[in-house]
Amino acid sequence: MRRLGPRVEEKAARVGLWALTLITVGVLVFIIFFIMRRGLPVLSLEFLTANPADMGKTGGIFSTIVGTVALTVLAIVIAAPLGVGTAIYLTEYTWGGPVTRVIRFGAECLAGIPSIIFGLFGFILFVTKLKFGWSILSGGLTLAFMLLPTIIRTSEEAIKSVPASYRSVSFSLGSTKWQTVTRVVLPTALPGIVTGVVLSIGRSIGETAATIFTAGSALRMPTSLFSSSRTMSVHFYILAREGISMPNAYGTAAILIIAILGINLLTYFIMNRFIKKYS
Amino acid sequence: MSGIAIEVRGFSQYFGEVRKIRALDLDIPRNEILGIIGPARSGKSTFLCALNRLNDLVRGSRHEGAITIDGLDIYGPDVDVVELRRRLGMVFATPVPLPRSIYENVAFGARRAGLRGRDKLDAIVRDCLEKGGLWEEVQDRLQTSGLKLSGGQQQRLCLARILAVKPEYILLDEPTSGLDPISTMKIEDTLRRLKAEYTIILVTNNTKQAARVADRTAFFLNGELIEVGPTAKIFTAPDDQRTDDYLRGRFG
Amino acid sequence: MAPQAKSGGGNRLERNDRLVRLALLVVAFSAVSVLLVITVFIVGQGTPIMFRYGLKSFLTGSAWYPSEKLFGLWPMIVGSLAVTAGALVIGVPLGLSCAIVLTEFSSKRVRGFIKPIVELLAGIPSVVYGFMGVIILVPFIRETFGGPGLSVLAASVILGIMILPTIISISVDSLQAVPPSYREGSIALGATRWQTVKMVLFPAARSGIIASIILGMGRAVGETMATIMVAGNAAEVPRSLLAPVRTLTSNIALEMSYATGEHREALFATGVVLFVIIMVLNTIANATSAKRRKQP
């Protein structure tokens, strides 16, 4: 077979690579436009503030918004302190010995576990054995465990990127370890840590498999931690799969995508603003 | 009040199996500037970090011998290391302003010393910036970020910062190595002024700087103290041939 | 100056430091404890039936009829493998191309445009992907290739798209970690950019790229919602790309809500199998990453 000359190969490669890249980009753009085109018209103040009626065929999605927010807040409130604390310990208080390795191994394994297994686990432990039932409590706890590894990883990276010289300066001024961590390291790492938390929020919003088996899928407005509730993604899934209402499904999907877009924008904003402020 | 402030006896510093400082004996008098010169990797910076026990933060570090500061064995069992580090302020080779405003950089040090209250902080920030020779240049922009200053200004900021914790000693590790001549001169002037109130130990790669600023000079080579004495003597008639060779540039 | 003995304040500070350290240690073990608890539960609930039923029949039996107490998992194992392999066929070329273009062939402006898009791709919920599959891909397959549309092919395409962000971001990291001197040396020898990529950068970044692929595999194996929506969910070994298929994850999700007794245990056992596969993949990925870190 005659070998292509390097120039031809280069051209062919470039064309091929760019084509594939554009396909990738194109897919995303297509998805967003497709959903938005059909979903945006459905969005209105009413849609957002009214509760679903008639199994979701009519009405809005307010109770699902509340459910989503409740679950996410509970999950973050649990996962963020645990995650950031773990990251602080791993970077500031250990040398990399066996203890570190065990903890890190635990976090990385946790990161790889599929959401359905979390759902299974949450169902057996929280819903059944602990008798919380299908509830925001069960869902929030399960989600918290799912988000934990991500928060650990991003916080660790943020803390590691604080220059070592900052710590030297703090110590040489006569600070204790804890003072150094709280007065110098954490404030400097804060944008990175917050970004990680915000991204986790995005992930928990889109999570379906874990929530459907722990928080259930009740349509009415949740009244307490023990109420069952439906998140927006679960609502979307049910609407779409059961064919209950296509327009409402598109509307819900549009809200989901807007939320994700908003979250990504927020992280860029945070990082850029803080980088500008301090360098 | 004069006399010997720091006594070093038979001090060695190890990091794991590597010995960075060997059997050091040195007396450092009060209210003087001691210059430490020597080629790279001769243990000069390690010695500074041994004085404020910053070396303890490195894994696998250990020492032999003793260092006594104002009569206190700094490696003794009852020593409060945090307090010790406050008493020996350190300025590093690369200026490291914290990512905050100029005011907050100096105030950081002040707060470490336990100071609270806006008026007190204002006063001490001004006082330290004046002592550090930076007040005039920054007095009307105290809220701007410390990172926006020039290299020389940043270094003087670092100096002001440690003054805020009320140290008794100032340790400087090649403080002007990356700076332009004017900034260097300003810092050297500041050190001369500070000598009256503090005991200063200056590690420098620039022998001429030691000649300009130091009252006494010590020459380190491969982790050992080769010679120490009044600067004039070291530079004109050193006792050890190696000192002479280094100063003449025969190696380095 | 009087010798400075340890003041009461210093003592307190040091004690606080030790307390803080202990508290953080406890917190840090939270991740490990959670992992342990999950493992214990899933394995605890799932393994008894595996051995009661017979491990071999469970894993290789091709009949899954819970109502008749038949729990053969083989169709689902094949299903997961097929769909994952398909996802890799789609996702790896697309993902690697994107990664190479991002690091080697695009200007800063273009990069600033593509990178956020990839990150956005990562954030879209899996149910939305599944939905797009049902609305657009499945009818397309049905009309163009025949069959029910809900198929291995559909699931592979959707999963392939979903693992793109994983493959892209880790591969980009690996490519960027190659020292600039490798590139410069190659160009200086007269190689074209593509030749540099093919003969220098790829081999250098190989472990990282492999790790990204393995992690992508893990993601594909673990995906549930999207596969339920487009794969057809027939519990039989798929005979072709166009046949419907059920994965291990779908198996659990579809029947969990109404399963009781032994049926439920069998679903947990499915979870155990899934768990093992993921653990193996993760360990391999970590090992290849570690090798990458050790590389010069």
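This is a predicted model: local features need pLDDT of at least 70, side-chain atom pairs count only at pLDDT 80 or more; totals for chains, interfaces and linings use all residues.
View 1. Look at chain B and you'll find 4 strands in an open sheet, ordered S2-S1-S4-S5, with antiparallel pairing. Strand S2 (18-29) and strand S5 (72-73) of chain B are the edges, each pairing on one side only.

**View 2. Zooming in on S4 and S5 of chain B.** Strand S4 of chain B covers residues 61-69 and is joined to S5(B) by 2 bridges, in the antiparallel sense. Here B:Thr68 faces B:Asp73, which belongs to S5(B).

**View 3. Where chain B meets chain A.** On the chain B side, 20 residues are in contact with 15 residues of chain A. Helix H2 (81-87) and helix H3 (102-112) of chain B each put in at least two residues. H2(B) gives the largest share of that side, with 4 residues. Sorted by class, the side of chain B that touches chain A holds 11 nonpolar, 5 charged and 4 polar residues.

View 4. Reading from the N terminus, the elements go α-α-β-β-α-α-α-α-α-α-α-α-α. The C-alpha trace of chain A spans about 70 × 65 × 40 Å along its principal axes. Chain A has 279 residues, and 52% of them count as buried. Among the contacts in chain A with a separation of 6 or more, 73% link residues 24 or more positions apart.

Conventions. Residues are numbered from 1 along each chain as its sequence is written. Chains are lettered from A and ligands numbered from 1 in the order in which they are written. Two strands pair if DSSP finds at least two bridges between them. Two residues are in contact if their C-beta atoms, placed from the backbone, lie within 7 Å. Ala, Val, Leu, Ile, Met, Phe, Trp, Tyr, Cys and Pro count as nonpolar, Asp, Glu, Lys and Arg as charged, and the others, Gly among them, as polar. A residue is buried if 20 or more other C-beta atoms lie within 10 Å of its own, exposed if 12 or fewer, and partly exposed in between; C-beta atoms are placed from the backbone.
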